[in-house]
Amino acid sequence: MIEIKNLIKTYHDGKVETPVLKDINFSIEDGEFVAIMGRSGAGKSTLLYQISLLDHPSSGDIIIDGVNATDLSSDDRTKYRLHKLGYVFQDYALLPDLTALENVALPLIMQGKTTEHAYSVAKKALDRVNLGHRPGNLPSQLSGGEQQRVSVARAIAHKPKILFADEPTANLDTESSRVVIDLFKELHKEGQTIIMVTHEEEYGKMTERTIRLSDGKVVEDRKNR
Amino acid sequence: MSFVPIRVGFFLAIRQIKHASLWTTILIMFVMTLTFLNLVVINGVLVGLMQGAVTAEKNKYTGDLIISNLNQKAYIENTSGILNILNGLPQVSLLSGRYLAGGTVESGYKTKTRDSDVTESAGGVIAGIDPVKENNFSGIGGLMIEGSYLAPDDYDKILLGADLLYKYTPIDTPGLKNLKTAGVGSLVRLHIGSTTREVLIKGIVKSKVGELDQRIFMVDSQLRSIIGRDDLNLNEISVVLKPGVDPLFVKNILVKNGFDQGAKIQTYLEAQPKFLKDIAQTFSLLGNMLGSIGLVVASITIFIVIFVNAITRRKFIGILKGIGIDSRAIEYSYIFQSIFYALSGTGLGVLFLYGFLVPYVNAHPINFPFSDGIIYVTVAGTSIRVIILLITTVVAGYIPARIIVKRNTLDAILGR
Ligand SMILES: Nc1ncnc2c1ncn2[C@@H]1O[C@H](COP(=O)(O)OP(=O)(O)OP(=O)(O)O)[C@@H](O)[C@H]1O
Ligand SMILES: [Mg+2]
């Protein structure tokens with residue numbers, strides 16, 4: 001379970017203060033598929049970075065399974081991200097020098113797995129996203145949709161507790177977008193907790209729950225269907 | 001302490017190197033090669049130049065051991081006793097003895113028409129040598145730059161050291177007199193004490209050993225007759241030992257027998273002029289200073305290369321940290337890249353140095369006016385320089401990597 005309590009994020013730029021997240025509170029149960037929605041500039045990405053431990057909130061708590069993540073040291077946060085979290089970014093964020101298989105295997109090797117084990121797990125993850133036939137391709141040798149599927153494979157290969165995605169379909173055409181969303185739905189059916197930022201109502205509806213932000217506040221939190 | 005970050009760093013480094021621009025890689029390796037050569041070769045040439053002079057001094061003049069008369073004596077006392085001992089020692093391989101006398105050569109007296117006309121003359125040490133033994137010892141017969149070497153039965157013929165001729169040593173100062181017109185085939189007057197002999201210049205010797213190039217050589221029996229020496233006491237004995245024999249060992253035998261009471265007994269190192277040692281040290285220092293500049297240039301190069309590399313990859317460094325890759329692993333990846341550049345660069349340098357430069361220069365020494373320069377490099381000296389270069393590059397690669405890796409993860413991912 002993830003609990004967000006009194007979360008505030010304010011950017012300081014010299015004397016200028018920009019409040020972006022203004023006292024956010026909600027919790028997410030294990031296995032939920034949540035869409036964070038809202039207009040551009042509402043603070044969706046900012047909220048996702050806080051929950052996914054990529055950024056430090058100005059104040060408030062993020063409690064994952066009883067552990068207050070805001071108390072963790074920088075090293076522990078890195079380890080936590082490596083072992084417990086998975087990320088899919090809008091621009092795929094693959095490493096250009098690594099093949100598809102190596103991109104997926106890298107976090108597993110960092111976890112201390114042997115290379116063979118990491119590669120075999122990575123291969124299975126690529127199979128899962130229907131890219132098992134192109135493990136040796138560099139990102140530059142893959143289409144945008146294929147790259148995003150590699151990125152999903154990397155995010156799920158280590159069976160993370162939570163999968164985070166920030167506008168995973170924004171750079172993709174409709175067909176590729178469907179493939180990614182369908183993948184998320186399948187993963188969700190298997191019990192994967194997913195928190196996804198999107199501004200597309202169509203994909204928002206496919207999730208279980210929508211949290212809508214406006215001007216840094218939660219203005220709607222409802223179950224879909 | 002876990003090895004995983006090192007493993008991941010290596011994993012990343014290999015793939016980055018593999019996909020790096022070929023020309024950039026070649027250029028960096030080239031800089032490293034030049035730095036290495038700069039570090040080793042400049043020092044090696046400067047020291048080798050002096051080493052050439054030291055070796056020449058030993059091979060052509062002193063041998064491993066040189067015995068000479070005490071300053072206040074006219075000759076080596078008990079020469080025959082010393083020769084007996086040396087000839088009986090299995091460690092001794094060659095001997096060459098010389099008689100020495102001070103004197104001058106004078107030329108131009110034939111063309112002199114009036115008493116007030118000045119003749120030209122040059123002073124030097126006249127060495128009476130056994131032409132065969134001396135040639136066996138120093139190969140002096142091969143050092144003739146003009147004319148030919150002495151034969152044992154040459155009568156009234158001399159060889160002149162190149163420094164006695166203006167042609168070869170164009171120095172014209174009041175303190176140093178040399179012959180300007182005389183050359184091979186000229187008749188000159190040899191003055192030794194009150195005796196004067198007209199002799200023929202048979203050849204000119206240029207050995208690049210200062211002492212020899214200022215000498216006048218003639219057959220020993222003749223010099224003896226000119227100076228009226230009827231004993232067989234020599235002034236100089238150069239002793240060549242079998243390879244691996246410590247000259248001190250033989251010297252000590254002679255000293256134990258008391259011969260040092262009547263002669264100066266020196267190893268080649270002791271006989272070496274002090275200025276040679278001083279210059280060798282100065283040159284080595286100079287070489288190291290020049291090399292250090294190269295080292296600074298190389299470390300700045302590596303610093304910039306890694307810095308630019310890391311800064312253009314800032315986003316990917318951010319992503320790596322974002323998905324949970326340890327900062328140390330990323331830093332190691334840059335250290336490995338620096339090591340790769342340093343090792344491949346110095347590897348090429350070592351190949352070039354030992355595969356080409358050293359053997360080539362040994363076969364064709366650099367023709368310096370005062371020595372035949374070789375490149376003086378030792379395995380220990382080269383290894384130390386490789387290690388210094390490696391450490392420098394590792395530090396120069398680590399610092400910029402650390403600067404970039406330390407930056408905020410999210411800012412790096414978002415490129416802000
Ligand atoms: N580093 C920063 N400094 C100052 N303000 C920032 C910073 N980062 C984001 N903001 C501001 O915070 C607000 C929310 O940004 P955020 O990226 O979370 O929006 P978003 O909801 O993800 O929008 P979009 O749909 O366009 O991605 C914006 O007004 C933005 O200008
Ligand atoms: Mg956003």
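Helix 6 of chain B packs through its buried residues against strand 2 (92-107), strand 3 (120-129), strand 6 (187-192), strand 7 (195-205) and strand 8 (215-219) of chain B. The model is predicted; local features need pLDDT of at least 70, side-chain atom pairs count only at pLDDT 80 or more, and totals for chains, interfaces and linings use all residues. Residues are numbered from 1 along each chain as its sequence is written, chains are lettered from A and ligands numbered from 1 in the order in which they are written, and side-chain values use heavy atoms, with hydrogens and water left out.

Helix 6 spans residues 220-227 of chain B. Its buried residues are B:Asp220, B:Gln222, B:Leu223, B:Arg224 and B:Ile226. Buried means under 20% relative accessible area, exposed over 50%, and partly exposed in between (1.4 Å probe, protein chains only). Helices (H or I, at least four residues) and strands (E, at least two) are DSSP runs, numbered from the N terminus. B:Gly228 follows helix 6 of chain B, with a positive phi near 65°.

B:Thr79 belongs to helix 3 (residues 79-88) of chain B. B:Thr79 has a relative accessible area of 1%, so it is buried. Beyond its neighbours within four places in sequence, B:Thr79 is in contact with B:Leu232, B:Asn233, B:Leu234 and B:Ile237. Contact means heavy atoms within 4.5 Å. The side chains of B:Thr79 and B:Asn233 also form a polar contact of 3.1 Å. A polar contact is a pair of N or O atoms within 3.5 Å; within protein, one must be able to donate a hydrogen and the other to accept it, and residues adjacent in sequence count only if both atoms are side-chain atoms.

B:Gln272 sits in the loop between helix 8 (268-271) and helix 9 (274-312) of chain B. B:Gln272 counts as buried because its relative accessibility is 8%. Leaving aside neighbours within four places in sequence, B:Gln272 is in contact with B:Val54 and B:Lys277.

Helix 10 (residues 314-322) and helix 11 (residues 327-363) of chain B pack at an angle of about 140°, and their axes are 9 Å apart. Axes are lines fitted to C-alpha atoms, for helices over the stretch in contact, and angles run from 0 to 180 degrees between N-to-C directions. Helix 10 of chain B contributes B:Ile317, B:Leu320 and B:Lys321, while helix 11 of chain B contributes B:Ser327, B:Ile330 and B:Tyr334. These residues divide into four nonpolar, one polar and one charged. Ala, Val, Leu, Ile, Met, Phe, Trp, Tyr, Cys and Pro count as nonpolar, Asp, Glu, Lys and Arg as charged, and the others, Gly among them, as polar.

Ligand 1 lies between chains A and B. The residues around ligand 1 (a heavy atom within 4 Å) include A:Tyr11, A:Arg39, A:Lys44, A:Glu167 and B:Arg416. The shell divides into three nonpolar, five polar and four charged residues. Helix 1 (residues 44-51) of chain A gives the most to this shell, with three residues. An oxygen atom of ligand 1 is 2.5 Å from an N or O atom in the side chain of A:Ser40. For the side chain of A:Thr46, the corresponding distance is 2.5 Å. A polar backbone atom of A:Gly43 is 2.9 Å from an oxygen atom of ligand 1.

A:Lys159 has a positive phi of about 50° although it is not a glycine. A:Lys159 lies in the loop between helix 5 (144-156) and strand 7 (162-166) of chain A.
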